[in-house]
Amino acid sequence: MAASSGASVIPRKDGLYDKYIRNHQILTQGQLKRLMEHKYSAEGTSILEPPMQIFWRWLVEQVPRWWAPNAITLIGLCINVFTTLILCFYSPDCVQEAPRWAFFLCGIGLFVYQALDAIDGKQARRTQSNTPLGELFDHGCDSVSMGVVILGCSIALQLGDVPNIMLYQNLYSYFLFYMAHWKTYVCGSLKFSTIDVTEGQFSVIAIYFISGIFGSGIWSYQIPALGIPLKLIPVYASVAVSVFQVWSAFHIIWINGGVGKNGSTVAGTSTVFPVFPILAVVVPAIVIANKSPSLVYNNHPCLYLLAFSGLAAKVTNRLVVAHMTKSAMDFWDTCYLGPAMLFFNQYFNCWFDEYIILWLCLIWVLGDLMRYCIVICEEICHCLQIYCFTITSKPSYKNGSSKK
């Protein structure tokens with residue numbers, strides 16, 4: 001699923017840009033060199049991908065050749081995020097019923113994102129503008145989209161009635177997405193399952209449209225034979241599918257080992273260590289939610305889950321960068337300061353209103369994620385002599401391939 005940036009030489013009239021890069025550098029010269037040598041690799045095909053490829057191949061032919069692949073991806077992400085935020089506005093507690101048109105809008109927004117995300121790599125090949133930045137940009141947008149899609153689905157199902165289930169549903173979704181890239185870091189190739197992202201997205205779209213047709217209250221209907229609300233059926237189904245995905249990942253990571261020396265990762269590091277950065281997201285999210293004296297998660301689930309989905313996106317992006325640059329992944333990251341504010345505020349008996357601290361946490365996490373993504377893109381563009389959102393007919397750098 002690799003997209004790409006267009007290629008065009010960046011004019012540098014003075015040393016200000018170089019000074020900025022030195023002061024804010026994230027990637028070392030060695031990492032940038034290995035990034036330039038990186039080639040996209042993917043294995044496996046999900047059930048719905050072959051028939052959808054027909055539509056995607058047609059769709060990319062309707063796109064002007066001057067549209068940069070990264071711009072296509074970003075437009076899709078903005079649409080997806082914007083439509084989900086509309087649901088958050090109308091149902092901040094994931095219990096209130098949002099207008100039916102908002103669910104239809106969200107379903108259409110997710111479909112548009114899926115389509116644009118599927119053709120960015122095709123556009124890159126079509127315009128001969130493949131670069132490693134495209135793959136990184138694609139996965140980065142996917143990591144952000146995953147969090148808002150799961151949150152939107154939670155609102156559509158009115159999972160705020162069962163806050164603990166909603167919390168675990170969102171957290172294990174972050175973990176599963178991270179695990180897909182963890183496997184890639186270990187074995188060197190992104191492996192798709194029979195039921196994967198495409199099927200998950202269509203499932204969420206179906207939930208949006210059902211909520212739009214009948215209202216989200218339909219998910220509270222009690223199933224007589226089972227004695228559970230209808231909303232739990234999609235949750236249990238997703239858990240059942242995730243069991244197989246976790247087992248597959250366990251088999252690859254712990255049993256088969258990696259492609260590096262002595263079964264290590266592509267960077268020659270421990271195959272087990274990457275579990276700790278994601279645990280630093282999941283564990284605090286559970287502890288803070290359960291220890292909050294003001295029930296900050298229960299009362300403000302949308303804000304809470306947006307903050308921790310941003311945290312998961314940052315950690316996932318770091319893992320993708322580690323894989324593409326064949327480098328070790330550090331445990332500590334500045335994004336952890338966000339939940340640390342919530343944790344220490346609770347530790348000192350909530351000197352400050354938890355709602356205010358939650359807003360500060362959200363702002364910090366999203367700001368830190370944006371800073372990281374911008375600096376990484378700037379460094380890669382600087383190294384490859386390309387623009388991120390501009391395309392020309394003669395790219396100065398060609399590398400990688402795309403599944404799409």
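**A walk through a predicted model**

Let's start in a loop: Leu295 sits between α10 (275-291) and α11 (296-299). Before I go on, please keep in mind that this is a predicted model. Why pick Leu295? Its phi is positive, near 55°, and Leu295 is not a glycine. Most residues other than glycine have a negative phi.

Gln385 is not a glycine either, and its phi is positive at about 60°. You'll find Gln385 in the segment after α14. Gln385 has a relative accessible area of 21%, so Gln385 is partly exposed too.

That brings us to helix α14 itself. How far apart are the end C-alpha atoms of α14? The helix has 31 residues, 354-384, and at 1.5 Å a residue it should span 45 Å. The end C-alpha atoms are 45 Å apart, which agrees with that expectation. Look at the start of α14 as well: a side-chain oxygen of Asp353 comes within 2.9 Å of the backbone nitrogen of Tyr355.

Now let's step back to helix α13 (residues 337-347), where Asn345 is found. Asn345 has a relative accessible area of 6%, so Asn345 is buried. Which atom does its side chain reach? The side chain of Asn345 reaches the backbone oxygen of Phe352 at 3.0 Å. If we leave aside neighbours within four places in sequence, Asn345 is in contact with Cys350, Trp351, Phe352, Glu354 and Ile357.

Gln53 is buried as well, with a relative accessible area of 9%. Gln53 lies in helix α3 (residues 49-61). From Gln53 to Tyr304 we count 251 residues in sequence, and the C-alpha atoms are 36 Å apart in space.

How many residues does the largest one have? The largest nonpolar core has 72, and those with the most contacts inside it are Leu87, Leu151, Trp182, Tyr208, Val281, Tyr304 and Phe308. Another core lies apart from it, with 20 residues, among them Leu27, Leu133, Tyr372 and Leu384. Back in the largest core, let's zoom in on Phe308. Leaving aside neighbours within four places in sequence, Phe308 touches Tyr174, Val281, Pro284, Ala285, Ile288 and Pro339.

Last topic: empty space. Rolling a probe the size of a water molecule over the atoms shows where space is left. The count comes to three cavities of 30 Å³ or more. The second largest cavity has a volume of about 90 Å³. Its lining includes His38, Tyr40, His139, His181 and His323. α6 (132-156), α7 (163-187) and α12 (301-324) are the elements that give two or more residues to that lining.

What about the largest pocket? It holds about 1,100 Å³ of space. Of its 39 lining residues, Asp196, Val197, Gly200, Gln201 and Gln245 are the closest to the centre. At least two lining residues each come from α6, α7, β2 (190-191), α8 (197-214) and α9 (232-256). Which element gives the most? That is α7, with nine residues.

Key. Residues numbered from 1 in each chain as written. Predicted model: local features only at pLDDT ≥ 70, side-chain atom pairs only at ≥ 80, totals over all residues. Heavy atoms only, no water. Helix = DSSP H or I, 4+ residues; strand = E, 2+ residues; numbered from the N terminus. Expected span 1.5 Å × (residues − 1). Polar contact = N/O pair within 3.5 Å; in protein donor to acceptor, adjacent residues only side chain to side chain. Core = buried A, V, L, I, M, F, W, Y, C linked by side-chain atoms within 4.5 Å. Buried < 20%, exposed > 50% of the residue type's maximum accessible area, 1.4 Å probe, protein only. Contact = heavy atoms within 4.5 Å. 1 Å grid on protein atoms, 1.4 Å probe; cavity = no way out; pocket = protein on both sides within 12 Å on 5 of 7 lines; lining within 4 Å. Points joined across faces, edges and corners; volume = space filled by probe spheres on them.
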